[in-house]
Amino acid sequence: MLEIDASYHRYTREAVALLAAMIETQSFSREEENVARVVRIFLEEKGVEVQQQGNNIWALSKYFSDEKPTILLNSHIDTVKPAKTYTLDPFKAQIIDGKLHGLGSNDAGGPLVSLILTFLHFYAQENLPYNLILAATAEEEVSGANGVASLLPVLGKIDLAIVGEPTLMDMAIAEKGLIVIDCEAKGVSGHAARDEGVNAIYKALTEIEKLKNYQFEKESDYLGPIKKTVTLIEAGTQHNVVPDSCKFVLDVRTTDAYSNQEVVEILAREIDVEFKPRSLRLNSSGISNTHPIVLRGDHLGMKKYGSPTMSDQALMPFDSIKIGPGDSARSHTADEFIYVDEIEKGIQLYIQLLDGLEI
């Protein structure tokens, strides 16, 4: 095995240089073609055979074999648009007091470049007990159809994914999913001055109260109860007309205790409104406490937790963990940054997670 301690500083320098180039290349969701080129050129210059579909870049470890299990190393290349309160240039990589500033530095450039250097560390090792696939994918910030979801059918069977997101290198072994549901309570219109009509707002309030009080029977060990929040409401045409329709939007953060389909079926039985989920594709995820990679994290002293925020894990129908350098609290904030030493620690811990792992 390579003496990795002597390599961390070199790996970190290469990772930081790549991240700086990515920061200085605009990469908003659905506009990632230029940053995909940056990542592709970096890998090709390292002798890696790179493949591309749309704005998604991926590569296989050198001695890939269909007889071995496969681990996917995945993070995203797209960013949100910069907050208006930036005081630094979001598209200029600057290291100030050990912090590398720039849009996407923390979410998720730091995790991505750390995974890339980890992939390169193992890339040419002939006797790995598993295959590695590195995938730098698009449209994560908008849960787009042309990101990792479009790539998974091309990649073949995946046994485990390590999803790079800023988690302070704590291991998220469960992650909440999302269902957005459009609801409509129906009434009967009438004149507000007379005792006529059926007020759809009152009906909606009754059903919303039911939603507020309803508790699912099962809770997730790491994510707790399913969270239901009414976030939008719309009703009425003018002050003197009893409204015959009241529409509201329900945001449901699901857990690994139920599938999204089960959640929808349960809620539809509980409330008396028209009920239309926008999508069931953003599922919660969870992995067993006894999975080898979780046990490996335990051995390394990693904290385990359930993540309330969503990532491309939601689109992966196989075992996965979410882990990476940086802090989720910095994501999408003005003057976003990641500490340089967080990147070095991230590379080190990713390598230690994978070194000798058997799945």
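Predicted model: local features only at pLDDT ≥ 70, side-chain atom pairs only at ≥ 80, totals over all residues.
Residues are numbered from 1 along each chain as its sequence is written, and side-chain values use heavy atoms, with hydrogens and water left out.

## The whole protein

The protein has eight helices and 18 strands; helices (H or I, at least four residues) and strands (E, at least two) are DSSP runs, numbered from the N terminus. Its C-alpha trace spans about 85 × 45 × 35 Å along the principal axes. Of the 359 residues, 52% are buried, where buried means under 20% relative accessible area, exposed over 50% and partly exposed in between, with a 1.4 Å probe and protein chains only. Among contacts (heavy atoms within 4.5 Å) with a separation of 6 or more, 80% come from residues 24 or more positions apart.

Strand S7 covers residues 160-163, and both of its faces are covered. Leu-160 and Ile-162 are buried on one side, and Ala-161 and Val-163 are buried on the other. S7 has pairing partners in S3 and S17; two strands pair if DSSP finds at least two bridges between them. With strand S3 (residues 70-76), S7 pairs in the parallel sense over four bridges, and here Leu-73 stands opposite Ile-162. With strand S17 (residues 320-322), S7 also runs parallel, joined by three bridges.

Strand S8 (residues 171-175) is mostly covered too, with five of its five residues buried. S8 runs parallel to strand S16 (residues 304-307), joined by four bridges, and Tyr-305 is the bridge partner of Ala-172. S8 runs antiparallel to strand S15 (residues 285-286), joined by two bridges, and Ala-174 stands opposite Gly-286 there.

The strand pairs described in this report can be laid side by side:

| Strand pair | Sense | Bridges | Facing residues |
|---|---|---|---|
| S3 and S7 | parallel | four | Leu-73 and Ile-162 |
| S8 and S16 | parallel | four | Ala-172 and Tyr-305 |
| S8 and S15 | antiparallel | two | Ala-174 and Gly-286 |
| S9 and S14 | antiparallel | four | Ile-181 and Pro-277 |

## An open sheet with a helix across it

Four strands form an open sheet in the order S11-S13-S9-S14, with antiparallel pairing. Strand S11 (227-235) and strand S14 (274-277) stand at the edges with a single partner strand each, so one side of each is left without a neighbour in the sheet. On average, neighbouring strands of this sheet are turned by 20° against each other, direction ignored. Axes here are lines fitted to C-alpha atoms, for helices over the stretch in contact, and angles run from 0 to 180 degrees between N-to-C directions.

Within the sheet, strand S9 (residues 177-186) and S14 are joined by four antiparallel bridges, with Ile-181 opposite Pro-277. Helix H5 (residues 200-213) lies across S9, S11 and strand S13 (245-254), running at about 15° to S13.

## Aromatic rings and nearby charges

A pair of aromatic rings is described by the distance of the centres and the angle of the planes. Rings of Phe, Tyr and Trp (its six-membered ring) pair if their centres lie within 6.5 Å; planes under 30 degrees apart count as stacked, over 60 as edge-to-face and the rest as tilted.

A search of the whole structure finds five aromatic pairs. One of them joins Tyr-214 and Phe-216, with centres 5.1 Å apart and planes at 80°, so the pair is edge-to-face. Phe-216 counts as buried because its relative accessibility is 8%. Tyr-214, Phe-216 and Tyr-258 form one aromatic cluster, and Lys-218 lies over the face of Tyr-258, at 4.6 Å from the ring centre. A charge sits over a ring if NZ of Lys or CZ of Arg is within 6 Å of the ring centre and within 35 degrees of the ring normal.The charged end of Lys-99 sits over the ring of Phe-337, 4.6 Å from its centre.
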